[in-house]
Amino acid sequence: MLDIHVKKQFDNFALDAVFSAGPGITALFGPSGAGKSTIGKMLGGLLAPTEGQIVIDDNVIFDSRKNIDISAYKREIGFVFQEHRLFPHYTVRGNLKYGSRRRQVGKPSVTFDDMVSLLGLKNILDRRPNSLSGGEQQRVALGRALLSNPRVLVMDEPLSSLDDARKHEILQLLETLKQELNPTILYISHSISEITRLADNLVLIENGQIKGFGPLEETVSRLDLLPFTGGYDAGSVVTAIVARHDHTYQMSELDTAGGRLFIPGRKSAIGTTLRLRIRARDVAISISEPSDISILNRFKGTLTDHRSGADGMEELLLDVGFPLTARITRQSYEHLNLSVGCSLWALVKSVTISA
């Protein structure tokens, strides 16, 4: 378990961060300049907080009051950056072995051979970094960090320099690592799509201040946090299981806590768990059961909360078996005579759902 309570004062910027992270992926999300990377550097011992405390598994690695500041190389923090930072004079094998040599205590969570297999590096072990693609370099950087057996792995914007195909490749890899090894990862990003696909817990930061912290699905559904969870693109995260594929219409049917959900066809095997993102602006509302419309996804539910948004918008929180946010005009809200506790139908076009 990682516990962070730090403050850092700069000339024109003040950081104040308090949160915790356990096994799994805790995402640190916010705009550029919010202080995300600064927190990662303070955790790794690359930058000293002005005051505060950092504790990993009951071991204090920084405490301003007790004058404790453990050296960076003794903190057992692994780093993966967007620039990869591989040693150019080492082969892939040499870079990975370097990670193994940096291991300080305990048995490795995975062996060298297992890591090579897990990351698909067998055929490039004797190549040097300058001959690798961006995705291959990032896989090597990830393997090197994990082979050092870190107590916490910090990934700082690891996909920002990759094209869409390589991003998809690394995202799939991280999902596999999470299932196989379940390391404690602090994942720093300003991409809401990456965050909603990977994270178990979410820390929202803006201008150096923590705006919200908690389980991903709960945090992104809080109406007061919508301005910090994507703004115009904010929405809900829904967990679903692939139930069947309709090859005639190239559609996939998924089971959710609120019933069947339809999305354009995917190749995922039956029984696969998917995490879907539904933007609040893509949810329409009806006060009666709709018929003779093209929208396949229709969920009956209750309005549990609402707040006035910007530019004549009303932001709604619905309970349709799972939390679902919606954004409609204030005119529509008043025309439908909506109020907390009323029954309604939420409509979501299949083609708008991201997975």
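**Close-up views of a predicted model**

**View 1. Helix H3 and its end.** Just after H3, Gly-120 adopts a positive phi of about 65°. The model is predicted: local features need pLDDT of at least 70, side-chain atom pairs count only at pLDDT 80 or more, and totals for chains, interfaces and linings use all residues. Residues are numbered from 1 along each chain as its sequence is written, and side-chain values use heavy atoms, without hydrogens and water. Helices (H or I, at least four residues) and strands (E, at least two) are DSSP runs, numbered from the N terminus.

View 2. Helix H3 (residues 112-119) buries Phe-112, Met-115, Val-116 and Leu-119. Buried means under 20% relative accessible area, exposed over 50%, partly exposed in between (1.4 Å probe, protein chains only). These residues line one face of the helix, because they fall within an arc of 100° seen down the axis of H3; the arc is that of the directions from the helix axis to the C-beta atoms. Asp-113 and Ser-117 are exposed on the other side.

**View 3. Surroundings of Leu-96.** Beyond its neighbours within four places in sequence, Leu-96 is in contact (heavy atoms within 4.5 Å) with residues including Phe-112, Val-116, Leu-121 and Val-140. The cover over the buried residues of H3 includes helix H2 (92-101), H4 and helix H5 (164-180).

**View 4. An open sheet.** 5 strands, in the order E16-E20-E17-E18-E19, form an open antiparallel sheet. Strands pair if DSSP finds at least two bridges between them. Strand E16 (283-286) and strand E19 (323-329) are the edges. Strand E17 (residues 297-308) is joined to strand E18 (residues 313-319) by 6 bridges. Leu-303 stands opposite Leu-318 in E18.
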